[in-house]
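Subject: Structure handover

Hello,

My notes on it follow.

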Amino acid sequence: MARDSLPYVWVESDSAKWVAHCHRGACNVKHASVTQGKVEFICHKTENGATSTQVFLKGTLFFPCEPDRGLVRVHELTPEKAGQLIWVRARIHTSRAKGKQCFLVLRQQQFNVQALVAVGERASKQMVKFAANINKESIVDVEAVVKKVEQTIESCSQQDVELHIERIFVVSQAEPRLPLQLEDCVRPEGEGDEVRMRARALGPRTTTSQAIFRLQSGVCQLFRDTLTNKGFVEIQTPKIISAASEGGANVFTVSYFKTSAYLAQSPQLYKQMCICADFDKVFCVGPVFRAEDSNTHRHLTEFVGLDIELAFNYHYHEVIESITDTMVQIFKGLRDKFQTEIQTVGKQYPSEPFKFLEPTLRLEYSEGVAMLREAGVEMGDEEDLSTPNEKLLGRLVKEKYDTDFYVLDKYPLAVRPFYTMPDPNDKKYSNSYDMFMRGEEILSGAQRIHDAQLLTERAMHHNIDLEKIKSYIDSFRYGAPPHGGGGIGLERVCMLYLGLHNVRQTSMFPRDPKRLTP
Amino acid sequence: MPMYQVKPVFGDDIKTDLPTCMYKLPNIHAQRSASGCSEHALQNGTEVDPAFRDLEVRQDKIMRRLYELKAAVDGLAKTVTTPDADLDQTVTSLSQSPTATSFRGTADLDSLLGKDLGALRDIVINANPARPPLTLLVLHAMLCQRYRVLSSVHVHSSVSGVPAQLLACLGPRHADSYVRQRFQLGFTLIWKDVSKLQMKFSIQNMCPIEGEANVARFLFRLVAPYPSDPALATLVDSWVDTAFFQLAEGSAKERSAVLRALNGALGRDPWLAGPELSLADIACYCCVLQTGPAASCPANVQRWLKACENLGHFGPANPLLQ
């Protein structure tokens, strides 16, 4: 196109409208105006009297203060909008050129829609070629007419509409060679995992990852809202601490000026101090660091811990009820408000929907042992449950009660930490409990010993150096209320709720013994 | 008023030899262990005349006897209208402590359900809140009288909400419910979106039992044995099936036919099968009242309904019939 016939577009003074002026020669007449985000034809008489010329502006259009064009979200493209001319900003997910047509799939977070550029009245052959050559993952602005389709498009989230493109602009271009192909990311096999981990800026773009992390955000929000409604106070606890709280083996050491310090394994000690400080009910959300060299599908070295601690009045079952009610409210909130996300994840990772009972089922440890023995497992009364046994028990409970979430109460005292309160009626057992989702443990909690003397005795029984935990014991010397609590891992809860198989899928930037970046 | 104190002349530590040829009477002045008695006797903090205390004790005994007589008379009045009830169940619980036969031991459960391995024997029932199983609620009440039952109600995630009376249908929570081991039997009712009522008991040894009629038969056998006479047992079973299939789920014609059959059978005998209340009566009662109010039934049926109510077992079903 001859350069001097290109229109020169600028904003008229004291007008919010765009007006396109012809640059050509002495022709200073307004040829077109922009109303409501739509650029009308710019008509210019050429020397031989030809009529309209369609112009495609390459590059970005700068709008004055308020945009005249409204961008429609992809998930709003439904048959109701058929026939409308709309603007959409999305990424090019795939493009496929076939002679006079180019099929594009435009993707926006979890949703995608098919779009078509065809040679015809509105598009030239060059435009089709231009569209086909835009690099994948580039962000484009598209003006198109929404058209209803008879045959549903299975591969897209918007299955009954298609866009017929009239104008297309590139907003931000992606490099031609991507470190991974996003279609590979949505395939169910596991080989994509390693590569996906490395290109963390790209991996979460997939519709599935979007859904997973939105759901995770929902879990965190429901946790906070439910507890705040119950009168809990959110606290922040320090992560650099002077002494290992749970035992020295699994802590990370950091150099702290002239000495060393440790990264907190759990906010246990500080939660309890807050209870002694009469906060009554507290919770905290923050990172937890465990230096365990376990390369399993469900362990991370750093994860987000959601911890609860509360004082109770007469029986530690009040604590269990409070925690299970919080979990049930979270499950209900996810079931009611995040169905789209659950379905999206289910397309790539199909699983059974998560089932639960309200109020939560509570079984006693001895009952669990009896159920396992009935199923043929041999184990002692005071033996801890191994992971395969936990899974088997989960299946038995699911079979009988049809629930994926339950509490196992009254664990044997011998397998619990030193600060667990023993059962007053039977000294082999303790007032402690574990909660399971889909047969895997998500929470380990107990009533804590709030009497300094009993705590000292139990610590000595476990051969713990009293000097190291002196400040911990001291916090109970000045009248501590009876209390208990527990903590869950956000990533693990999401993984088990959705029925995924690796906790790294629910951690945006996972940390394990072999992975330190991104 | 201050008086001149005289030192004791006669010491009180002299032992007297009581003669052995006389028979001994219990000391009528001594404090009795009855709680009411001691409160009365220590009025104003001082010891009261023993004869007075004696009188109070006699009065308490007479009052108690009076109440018992009144209760017995009330019971008799009800038994006149209720055939073959030995004693009115609603009144017995007030006056006397439960008799020895009403609480069966664990040995009975062991013989009926198999040896327990240390786990609470938990009966799990999945029911649809749109069709609450009234028969099972009545049987649950009967089970609670025979055994120590831990009852709990849960709502499954497939159902979004359940009215409050369905959550409270098994009665208030037992005080001991925090220790599951102290109970002989568990009864867990789960409101779930199921097409047919389902019961699960032992995963390893039993398949699930479906249908309210069948679960009712299972639970009834824990309460009382089926009649040993096969003809009678078949009669009970046939009435139970009639109740659930034709009365509860049948068309209007089938229902009126069943009511006529009931009317005929109850004209001859006071209960549907045999000389006593049986599962047949329980099932028919619940199904009849679920289909329509008592007033619309034939005369014999109405009389029988009243007799059932007087027995006092059907309390749990009533709030759900409204």
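How many salt bridges does the rule find across the interface of chain A and chain B? The rule finds two there, a salt bridge being a side-chain nitrogen of Lys or Arg within 4 Å of a carboxyl oxygen of Asp or Glu. One of the salt bridges in the structure joins D402(A) to K192(B), with the closest N and O atoms 2.5 Å apart.

Some conventions before the rest. This is a predicted model, in which local features need pLDDT of at least 70 and side-chain atom pairs count only at pLDDT 80 or more, while totals for chains, interfaces and linings use all residues. Residues are numbered from 1 along each chain as its sequence is written, chains are lettered from A and ligands numbered from 1 in the order in which they are written, and side-chain values use heavy atoms, with hydrogens and water left out.

Interface

Chain A brings 26 residues to the contact and chain B brings 29 residues, where contact means heavy atoms within 4.5 Å. About 2400 Å² is buried between the two chains, and carbon and sulfur atoms give 50% of that. Buried area here is the accessible area (1.4 Å probe) that two parts lose on being put together, summed over both. On the chain A side, the residues that lose the most area to chain B are E367(A), E374(A) and K400(A), which together make up 24% of what that side buries.

The rule also finds 13 residue pairs in polar contact across the interface, both residues at pLDDT 80 or more. A polar contact is a pair of N or O atoms within 3.5 Å; within protein, one must be able to donate a hydrogen and the other to accept it, and residues adjacent in sequence count only if both atoms are side-chain atoms. Elements of chain A that each supply at least two residues of the side touching chain B include helix 6 (317–337), helix 8 (365–374) and helix 9 (387–401). Helices (H or I, at least four residues) and strands (E, at least two) are DSSP runs, numbered from the N terminus.

Strand 18 of chain A pairs with strand 2 (residues 149–156) of chain B in the antiparallel sense, over two bridges; two strands pair if DSSP finds at least two bridges between them. E358(A) has V155(B) as its bridge partner in strand 2 of chain B.

Within chain A

An open sheet of eight strands runs in the order 12-16-17-23-22-21-20-19, with mixed pairing. Strand 12 (233–234) and strand 19 stand at the edges with a single partner strand each, so one side of each has no neighbour in the sheet. Strand 16 (residues 281–289) of chain A pairs with strand 17 of chain A in the antiparallel sense over nine bridges, and V285(A) has L306(A) as its bridge partner in strand 17.

Elsewhere, strand 11 (residues 161–172) of chain A runs parallel to strand 9 (residues 111–118) of chain A, joined by three bridges. Strand 11 of chain A is also joined to strand 10 (residues 139–148) of chain A, by 10 bridges in the antiparallel sense. V140(A) stands opposite V170(A) in strand 11.

Over all chains the structure holds 29 salt bridges. K271(A) and E309(A) meet in a salt bridge at 3.3 Å, N to O. K271(A) lies in helix 5 (residues 268–276) and E309(A) in strand 17 (residues 302–311), so the pair ties together parts 38 residues apart in sequence.

Regards
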